Amino acid sequence: MKARTLFILALALTTVIPLAPPALAHHSFAAEYDADKPVTLTGSVTKMAWINPHSWIYINVKKADGTVENWAIEAGPPGTLVRAGFTKESLANDTVIKVNGYRAKDGALRANGRDITLPDGRLLFVGGSSPGAPKDFPGTSK
Amino acid sequence: MRPKDSISYAAAIVAAGLLATAPSRLSAQASQTAPKSSENEECRGNGCAASPDAPVAESDAGAPAKPYDWKASFKEYKVGKVPRLADGHPDMQGIWSRTTLVPMERPRNQDKKEIDAATAAKLENEAQQKQFDLRTEPTDTPPGEKTTDAYNTFWRDGYWFKVPMSSLRTSQVVDPPNGRLPPLTLAARVRQNRAAELDNRRATSYEDRPMSSRCIQRPGTPGPAFNGSGPGGQESTLEIIQGTDTVLVRGESLVSQVIYMDARPRPAADVHLQLGSARGHWEGDTLIVEYTNFSGADGGRRHLTARYKLLDANHLLFGYTSDDPGARTKPFSVEFVLWKLTDQEQLVEYACHEGNVGLEFTLSAARAKDREEAADEGK
């Protein structure tokens, strides 16, 4: 087989092979959550669980008919939260928050917390300033 | 996946693997469509430094390479005031971040080894803006089956702090000199594609889930070699503790490694360890760690040398040379700068098994899909 033919074959094959997406989480998004079911929930915090590999925030959401649902919202791991400036005081019980996320595929009252803000849109906590991060680009050649 | 698809798929990965290891011109051409660094096994699951996804502007072919000289290469980094322990060795103890915007591999349209500080600052700002944009993208965009890029961006490295260009280098890979990783071996490519196939199909058991989902292993994280992690990563820190006869490198995620400094003998050749057997010594102010006795495919033939050099109180140069005939067709070397988290009192434990409900929920999601499909077929 000529090199050119092989090259065309190489291009064709590498195009059709499904390459893994960068799996940024410790599990894949699509395995648990439904990208076709975005949810926006506003409710009051009932519990913040600092648990690995993901923290969970539980909120009571009042439905239009007056009944209340307790939703579990997946958040980042505790270590990442700490680096982001999140503290134990950041999310006290009864704090009302607004969550944008995607609902679990199995239909449970569970969603990933893609974005969490206070109802007026303000962010929940102030980011870390990454103290120690290089400001002077130490790799610069002498 | 239907049986027929499986056969085509297997044929495709074997053929692609063969092509990836093909020599000369063909290899260079095929590599233009090779996975981006973010899809390489080294950084999967950890967030990757900026990807070299720019269009091709030059050939990989260059002048014959000189052997990698780590001493000469390390000398190119500025060294400031270095804190020391009572025994005179550099004091590297503390919590270090391996987040960096320096790409694992050099972008193909980049022929320089370094960029200037103004460009670096611009890239840092752009990278953080990209994280902001991901969070606020409209939720009604066609999401597709796979994922949304915004998944948990809000919580990750690079949103709440700017991931720095921790050096001005254009790649973490310093050898081969073109800044790009040598191709995967056929066996490694087949393994990688098999893992991707399992990961992407509907889960049938915890056993077909990736090692990371099972809280067993995170490729690319400390233990024993590790790479810089770009925006969107997590578990990106490690702690170094120096004792009299040992140095401990404690990764945030899952593993710690004990480096013995007392010249004790290595295990017998038939002892194979997941993290290898680490023996360290000082060469001047550089800690050199030689690893052998690895487990895994061709683990017995795998050899790794890691190097740590403190540049000043808050910057630590890390490098390694990996000779892993079971994974890459040639040895390669990496260098990047870690930076100290000066406001962290302790490494926050990443006890992955503590509440790993992800496995349960992944399986319950898959069974829910099964039921949906069965109901549709019954209509």
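Visitor: Buried means under 20% relative accessible area, exposed over 50%, partly exposed in between (1.4 Å probe, protein chains only). Which residues of helix 5 of chain B are buried?

Guide: They are Ala188(B), Arg189(B), Gln192(B), Asn193(B), Ala196(B), Glu197(B), Leu198(B) and Asp199(B). Helices (H or I, at least four residues) and strands (E, at least two) are DSSP runs, numbered from the N terminus. The model is predicted, local features need pLDDT of at least 70, side-chain atom pairs count only at pLDDT 80 or more, and totals for chains, interfaces and linings use all residues. Residues are numbered from 1 along each chain as written, chains are lettered from A and ligands numbered from 1 in written order, and side-chain values use heavy atoms, without hydrogens and water.

Visitor: Which residues touch the most others in the largest nonpolar core?

Guide: Ile240(B), Tyr308(B) and Tyr320(B), out of 31 residues. Such a core is a set of buried Ala, Val, Leu, Ile, Met, Phe, Trp, Tyr and Cys residues joined through side-chain atoms within 4.5 Å.

Visitor: Which strands supply that core?

Guide: Strands of chain B that each supply at least two residues of this core include strand 3 (237-242), strand 4 (246-251), strand 8 (303-312) and strand 10 (332-340). Apart from this core lies another, of 23 residues, among them Trp71(A), Ile73(A), Ala75(A) and Trp155(B).

Visitor: New topic. How many salt bridges over all chains?

Guide: There are 21, each a side-chain nitrogen of Lys or Arg within 4 Å of a carboxyl oxygen of Asp or Glu. One of them joins Glu239(B) and Arg250(B), at 3.0 Å from N to O.

Visitor: Where do Glu239(B) and Arg250(B) lie?

Guide: Glu239(B) is in strand 3 of chain B and Arg250(B) in strand 4 of chain B, so their bridge ties together parts 11 residues apart in sequence. Glu239(B) is buried at 16% relative accessibility, while Arg250(B), at 27%, is partly exposed.

Visitor: What about Arg209(B), buried or exposed?

Guide: Arg209(B) is buried, with a relative accessible area of 6%. It forms a salt bridge with Asp208(B), with the closest N and O atoms 3.1 Å apart, and Asp208(B) is also buried, at 7%.

Visitor: Which residue does Glu372(B) bridge to?

Guide: Lys369(B), with 3.5 Å between the closest N and O atoms. Glu372(B) is partly exposed, at 37%.

Visitor: And which residues are linked in a network of salt bridges?

Guide: Glu76(B), Lys113(B), Glu114(B), Arg169(B) and Glu335(B) are linked that way.
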